[in-house]
Structures are given as structure tokens and as C-alpha cells.
Number of protein chains: 2
Amino acid sequence: MKITTLDDTTKETVRMEGASGVHKQVPVSKQDGSPHFSFRVFSFEPGGHTPFHAHPSEHVNYIIEGSGTVVTASGEERPIKKGDFVLILPNEKHQYRSSATGHPLVMICAVPVEYE
Amino acid sequence: MKITTLDDTTKETVRMEGASGVHKQVPVSKQDGSPHFSFRVFSFEPGGHTPFHAHPSEHVNYIIEGSGTVVTASGEERPIKKGDFVLILPNEKHQYRSSATGHPLVMICAVPVEYE
């Protein structure tokens, strides 16, 4: 059993091309013995964003704090806020963007252990 | 893509033997097309608890609100509170208990899609 908090988890800046003002923590991963999936947390700076991209695995998200948008494959910006759950399907193009004002986005991004 | 909230998700009482005062919602599951894992949310009444049990799959939890304890295989009660992440390993005996006072426990419990 592992019990931890974000305060006890290393934070690193996301260096991926197309990402800006996003920081990552991984409170639960295969390094803890999780056999199927990992919980990552992305903390955004105001106006920060992930790349507009797609990948073979799904994301399951929970918005811990703040607000922003998810850009869909067609370019639509769908609003997200604290308390929302989001499922991004495999190979579905998407981008997360934090609001530029108010509390910036903090969200869980669960992925298969192949990622973390 | 699916974006939803707990307010838009059906809530049912957990009828499992050994559970008391626990309600379940499943905002993201295989019914939404998630290929690997599902997000369930358990909302406890004050003093509510899950069974003291084990199963072949892990749990990955995030405490959305409230506080309580996780009982470990050895019977130790480890405190959990809003903001904590918990990994229960496969076949590790455990029980979640909500505090009887203050805000009762509300937590994400992620499981492989074989469960939901």
C-alpha cells in the first residue's frame, strides 16, 4: 500500500514539443508496483497548454482545481472545470489549455503503466 | 471524448456484504469506450465503510473530499484525507472507512475495465 500527496511527489516541467507552462508529477506508477495504470498530475501555469496531439492510449482525467478547455479533433474548445471527469479515447486528437485568469488547471491524467 | 460530472452520473448504494453507508458512481467506464480502466467514485456516509477484503486487481485512489482511514492487511488504520493518493496492490487486504465526524469520504477508485 502506498499513501502519498502531491507535496511529497517530485515535480518536473514537461519538455515535450508543443507544451508550454505545464508541470508533471507521478504519485502512483509502475515503480510503486501498480500493474495496470498510473496516476500522473499536470499542473498548468496560467495560459499553459499541452501539445495538440494524439496517441494510441486513452487518458482518463479528473480536474482537481481550476478551469480551462480541451480542444477536440475538430478544433472545438470544450470548457472543463474543477470536478469534471474527461475521457480521451485512443488516437483522439486533443489539447488541454489552462485558463489565463483565475485558478490555473490542476488535473489527474491516468494512463497505462507503459507510459510511466 | 466524454466530459461529465458527478451531478450527471447515476448513484447507487453498494450492496456488497461487509459494506455499509457507501454509494457508487461510475463517471468513466468501458461503456464509454475506455479500453483499459474505469473511474468509479465512492461517497461514504459518516462512519460508512467498504468490506475488509482483497481481490486480484489493484485500486488507485484519489481522495476528493473528507477524511477517514484505510485498514491494512495487518489491521493498522492509516489516516487518509482530501488530496491523498492511495495504491492498493493486487491481493492486498484492505478496508476504507469514512470518519464519523466532519466531511465524509468521497474518493476516486480506479480499476481495470473488467470491473466496470
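This is a predicted model: local features need pLDDT of at least 70, side-chain atom pairs count only at pLDDT 80 or more; totals for chains, interfaces and linings use all residues.

Colleague: Is B:Ile80 buried or exposed?

Modeller: A residue needs 20 or more other C-beta atoms within 10 Å to be called buried. B:Ile80 has 23 such atoms within 10 Å, so B:Ile80 is buried.

Colleague: Leaving aside neighbours within four places in sequence, which residue of chain A is in contact with B:Ile80?

Modeller: The contacts of B:Ile80 in chain B include B:Ile63, B:Val70 and B:Val86. B:Ser67, B:Gly68 and B:Thr69 are also among them. From chain A the list holds A:Ile3.

Colleague: What separates the C-alpha atoms of B:Ile80 and B:Phe39?

Modeller: Along the chain, B:Ile80 and B:Phe39 are 41 residues apart.

Colleague: How many residues of the side of chain A that touches chain B are nonpolar?

Modeller: The contact involves 35 residues of chain A and 35 residues of chain B. Several strands of chain A each supply at least two residues to this side, including E1, E4 and E10. The largest share, 4 residues, comes from E8(A). By type, the side divides into 6 charged, 8 polar and, as asked, 21 nonpolar.

Colleague: What is the bridge partner of A:Phe85 in E1(B)?

Modeller: E8(A) pairs with strand E1 of chain B, residues 2-4, in the antiparallel sense. The pairing runs over 3 bridges. For A:Phe85, the partner in E1(B) is B:Thr4.

Colleague: By what turn can chain A be laid on chain B?

Modeller: The superposition gives an RMSD of 0.0 Å, with a shift of 0.0 Å along the axis and a turn of 180°. The two copies are thus related as by a two-fold rotation axis. Of the interface residues of chain A, 100% are also interface residues in chain B, so the copies meet through the same surface. The turn asked for is 180°.

Colleague: What is the radius of gyration of chain A?

Modeller: Chain A has 10 strands and 0 helices. For 116 residues the globule rule gives 13 Å, and the value for chain A is close to that, so chain A is as compact as a globular protein of that length. The radius of gyration is 14 Å.

Conventions: Residues are numbered from 1 along each chain as its sequence is written. Chains are lettered from A and ligands numbered from 1 in the order in which they are written. Copies are superposed by least squares on the C-alpha atoms of residues with pLDDT of at least 70 in both. Two residues are in contact if their C-beta atoms, placed from the backbone, lie within 7 Å. The radius of gyration is taken over C-alpha atoms; the globule rule is 2.2 Å times the number of residues to the power 0.38. A residue is buried if 20 or more other C-beta atoms lie within 10 Å of its own, exposed if 12 or fewer, and partly exposed in between; C-beta atoms are placed from the backbone. Ala, Val, Leu, Ile, Met, Phe, Trp, Tyr, Cys and Pro count as nonpolar, Asp, Glu, Lys and Arg as charged, and the others, Gly among them, as polar. Two strands pair if DSSP finds at least two bridges between them.
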